[in-house]
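Let's take a walk through a protein chain together. Have a look at the picture first, and then we will follow the chain step by step.

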Amino acid sequence: MKYLLWITLLLPLSTLWADPGDPVFLRPRIWNSFNSVEVDLWNTSDVDVECSGNVRIYTRSGRTQYEYYWEVIYRGFSNSKRYYLWDNSDQIMSAYDTINCRER
């Protein structure tokens, strides 16, 4: 019974220690509008991928806004996310990403 307790406690942690999959090179497309940024990512590979990273948004007033991106995208599918400025009276000047994808 004591060993069963340890196994049930350590089993969920084993997924944290597992090696991540191989990197997959996918480039997101970023579309700027007046007060929002849309990130489109198409999985053109033949494997399911998990993508994560940051989106940096630079505004006219000189502020930088960081947004976190995380999604699982199945092979042949795409995903789109929209991020809005915290200050609606400001305007987006540019946006950049540091999104990386790995095999799932």
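Which residue takes a positive phi in the hairpin of β4 and β5? It is G62, with a phi near 95°, in a hairpin that has four residues between the strands. Before going further, note that this is a predicted model, where local features need pLDDT of at least 70, side-chain atom pairs count only at pLDDT 80 or more, and totals for chains, interfaces and linings use all residues. Residues are numbered from 1 along each chain as its sequence is written, and side-chain values use heavy atoms, with hydrogens and water left out.

Now for the overall plan. Helices (H or I, at least four residues) and strands (E, at least two) are DSSP runs, numbered from the N terminus.

Two strands pair if DSSP finds at least two bridges between them. β4 runs antiparallel to β5 (residues 64-73), and 10 bridges join them; here I57 has Q65 of β5 as its bridge partner. β4 also pairs with β7 (residues 92-97), antiparallel and over five bridges, and in this pairing T59 stands opposite I92. Four bridges link β4 to β8 (residues 100-103), again in the antiparallel sense, with E50 opposite R102. As you trace these strands, keep a general rule in mind: in a regular strand the side chains alternate between the two faces of the sheet.

The next feature is a covalent one. A disulfide is a covalent bond between the sulfur atoms of two cysteines, and the search counts a pair of cysteine sulfur atoms within 2.5 Å. The whole structure holds one disulfide. It is formed by C51 and C101, whose sulfur atoms lie 2.1 Å apart. This pair links distant parts of the chain, as C51 sits in strand β4 and C101 in strand β8, 50 residues apart. The link of C51 and C101 is right-handed, with 110° about the S-S bond.

Are these two cysteines buried or exposed? C51 is buried, with a relative accessible area of 0%, and C101 is buried too, at 4%. Buried means under 20% relative accessible area, exposed over 50%, and partly exposed in between (1.4 Å probe, protein chains only). Across the chain, buried residues make up 30% of the 104 residues.
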